[in-house]
Amino acid sequence: MKGNDIPMSDNNVARRPVADGTVSRSESRVLNSPNKLKLAVFGVNVAGGAGGISTLQGQTEVDSWEEQEKLAILSDRAGFEAFVPVSRWKGFGGPSGHWDRSYETWTWGAALAAVTERIQILTTCAVPLYHPVMAAKLGATLDHISHGRWGLNIVPGWLGSEFKMFGIEIGARGDRYKLAQEWMTLVDRLWTETTPFDFEGEFFNLEGAISAPKPMQTRPLIMNAGQSAEGQEFAVNNADMIYIQLSDTEECRNNIANIRAKAKAQGKTVSIWGNLDVICRPTEGEARAYADAWLQAGDDVAVAGFISGVIGGDSASQERLRRNPEIAKSIQLSGGGQSFIGSPEQMVEALQRYSDLGMDGIALTFHEYPDALEYFISDVHPLLIKAGLRSEEPLDN
């Protein structure tokens, strides 16, 4: 049944049309905004953010809901395409309090969807913690709250210590992706099929499964960041928005081309993204001085806890970090990801390089909120428009 069909009840009384399936994929800003290089804000739902670890002031505190609401509305009005959380359940201790406080991402997304207008709000879901029937219902609800602006970031899991809180062993990588595929297949069926069905699989056994309402989108945006062979196969088979390891190298260009070719072979297109940690100041000298201060105000306890999780896991997205001889410095500065330190002009040059390599979007993490985000909007974004990477002006407050 299409969203604009009017079903008739048994007594032939017309009922109002439902909103299910009335938002097409062409309306997704992540996939089809007019900006050549899409942007997201990443990981503000955890204390300290998703970037580096330090005791300096100004980071996300997760001390009040107003903090999250302000950042979401600021990003929305600035024209960012997406607002993406991380799924975390415990921190590492230490004086920084890094990740000690975190908001759960389904309810976080629902509340922010209700106060924003055009940005795509994502839920990051650790698959083993949510039954597919529950996830299908939660997702459809969120899609209605957001009027078709919701997306699902699927994470099979990588930090085993968190899963032990739930009495769950994280399992081997191959098994995690088998579980994720069966889970996604069921969620897709629950979002589309209109009669109850039974299912007997390797991981789930369902009897009379059904879910309504359906999402408002014809299919909600799916994101995945699988880096291993199993992960990339899962991402190409299921995701619309694929995160890769960001760099400005030919290796990155070749990885992008390989993913696009695999997607094209299935008759689909995908949006390819990476994550960039940003320290931007009026001059490069000022930016590097702040980076030095950030590193000097370290937290060895939290860094050691992070390293323990990375070394003890088998996530392919962390493999490059495991091989990095300066792993502690990398984690402390940027959370182990790609970092940028420089002026607004240098920032535009860096983003231009990533765009030229074939990146569709960049998710940004900052060290100070809201100050660094506001500075990016006021001093970097106009330069991105001049460079042709962005075309939309932020909305007036």
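Trainee: Which residues of α2 are buried?
Mentor: E67, Q68, L71, A72, S75, D76 and A78. Buried means under 20% relative accessible area, exposed over 50%, partly exposed in between (1.4 Å probe, protein chains only). This is a predicted model: local features need pLDDT of at least 70, side-chain atom pairs count only at pLDDT 80 or more, and totals for chains, interfaces and linings use all residues. Residues are numbered from 1 along each chain as its sequence is written, and side-chain values use heavy atoms, with hydrogens and water left out.

Trainee: What covers them?
Mentor: The cover includes β1 (38-42), β2 (82-84), α3 (105-113) and α14 (371-386). Contact means heavy atoms within 4.5 Å. Helices (H or I, at least four residues) and strands (E, at least two) are DSSP runs, numbered from the N terminus.

Trainee: And just after α2?
Mentor: G79 takes a positive phi of about 95 degrees there.

Trainee: New topic. How many aromatic pairs?
Mentor: The count is 16. Rings of Phe, Tyr and Trp (its six-membered ring) pair if their centres lie within 6.5 Å; planes under 30 degrees apart count as stacked, over 60 as edge-to-face and the rest as tilted.

Trainee: Why is the W89 and F166 pair edge-to-face?
Mentor: Because their planes stand at 85 degrees, with the ring centres 5.1 Å apart.

Trainee: Where do W89 and F166 lie?
Mentor: W89 is in the loop between β2 and α3, F166 in the loop between α5 (160-164) and α6 (173-192). So the pair ties together parts 77 residues apart in sequence.

Trainee: Is W89 buried or partly exposed?
Mentor: W89 is partly exposed, at 30% relative accessible area. F166 is partly exposed too, at 38%.
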